[in-house]
Amino acid sequence: MEKYQSLAEVLLDISKIPITSESYTEDIEKALVKAFDANFVTWFKSGKHNDSFIFNKNHLGGNNRIRFLHLESTNSGVFLIGTPKVDYLLEDFLVENLKGALLNFSLLENHILGLKNKMFKDDLTGVSNFKAFKNKISEQKSFRNVSLAFVDVNGLGVVNNTLGHEAGDFMLLTIASIMSKYFRKSDIYRKGGDEFIILSEGLSKEEVEARMELIVEDLKEYDYSVSYGISHRDECDDIDQMIEEADALMYERKEEYRKNNPSKYLVLKNSKE
């Protein structure tokens, strides 16, 4: 009974979130993290699912660490839920009661984000896109106490080739979601493909390094990994130079990863066959 009461309180909180809020999507995600006692929750649009509110207990390859809550409305989409700890017996209760709160979620999200936000948002991961990054450094000529992390996803190409591009998309979504736990989404930029840039002001290089180490640790739970390099300046008017420095440091880690993991994804290939 206490579990149901606790979940009911979370559902009540969700119903109180103002739909006119600019942070409506993120507020819903945070509330669902609490409801499912999950590592993270990320919303992404998808037109591939015809079922309404299906809770899928099986991740690709039989891994239950990631589950999906499908939402069918004007624009269909999916909530990606990382390592939820809610008992399966409570899932029907959650799903049934979430219907009313989320029925028009995707439609509302379209209106709330606005044209400018959509222009600078990566469609897949929900973080900022590289156009937003270029706009940022174009408008802000100089930076103080700034750190730049260049992040590369390890093994995305192999996952795409062995498990399919949908598995690769879920990989990117998961990694972006974990990074968003430790950095603001607006500071995370998807450069394209398997590369991300995190641009943070007001954080020391040591703090950024500590946060990146936490990201690496969290990703182990999903059997994902990244290589990264960090550049820091007390004052900077040349972000491109910082990118080159961080990229070079990332490449060193990437080479080390390749040497230490020559057959990392062979098990995935064999399991599919």
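## Getting to know this predicted model

Q: What percentage of the residues of the protein chain count as buried?
A: This is a predicted model, and its protein chain has 273 residues. A residue is called buried when its relative accessible area is under 20%. By that cut-off, the buried share of the chain is 47%.

Q: Which element gives the largest share of the negative patch?
A: On the surface, a patch of negative charge gathers Asp 234, Glu 235, Asp 237, Asp 238, Asp 240, Glu 244 and Asp 247. Two elements give two or more residues to this patch, β9 (226–236) and α9 (239–260). The largest share, three residues, comes from α9.

Q: Is Glu 235 buried or exposed?
A: Glu 235 belongs to the negative patch and lies in strand β9. Its relative accessible area is 58%, and the cut-off for exposed is over 50%. Therefore Glu 235 is exposed.

Q: Which residue forms a salt bridge with Glu 245?
A: Side chains of opposite charge can pair when their charged atoms come close. For Glu 245, the closest N and O atoms of the pair are 3.0 Å apart. The bridge links distant parts of the chain, helix α9 and strand β9, with the two residues twelve apart. The partner in strand β9 is Arg 233.

Q: In which helix do Arg 258 and Glu 255 lie?
A: The side chains of Arg 258 and Glu 255 meet in a salt bridge at 3.0 Å, N to O. Arg 258 is partly exposed at 46%, and Glu 255 is partly exposed at 26%. They sit three residues apart, about one turn of the helix, and that helix is α9.

Notes:
Residues numbered from 1 in each chain as written. Predicted model: local features only at pLDDT ≥ 70, side-chain atom pairs only at ≥ 80, totals over all residues. Heavy atoms only, no water. Patch = residues over 30% accessible without salt bridge, like charges linked within 9 Å, V, L, I, M, F, W, Y side chains within 5 Å. Areas by Shrake-Rupley, 256 points an atom, 1.4 Å probe, with all protein chains shown as cover. Salt bridge = Lys/Arg side-chain N within 4 Å of Asp/Glu carboxyl O. Lys, Arg positive; Asp, Glu negative; His and termini not counted. Charge placed at Lys NZ, Arg CZ, Asp CG, Glu CD. Helix = DSSP H or I, 4+ residues; strand = E, 2+ residues; numbered from the N terminus. Buried < 20%, exposed > 50% of the residue type's maximum accessible area, 1.4 Å probe, protein only.
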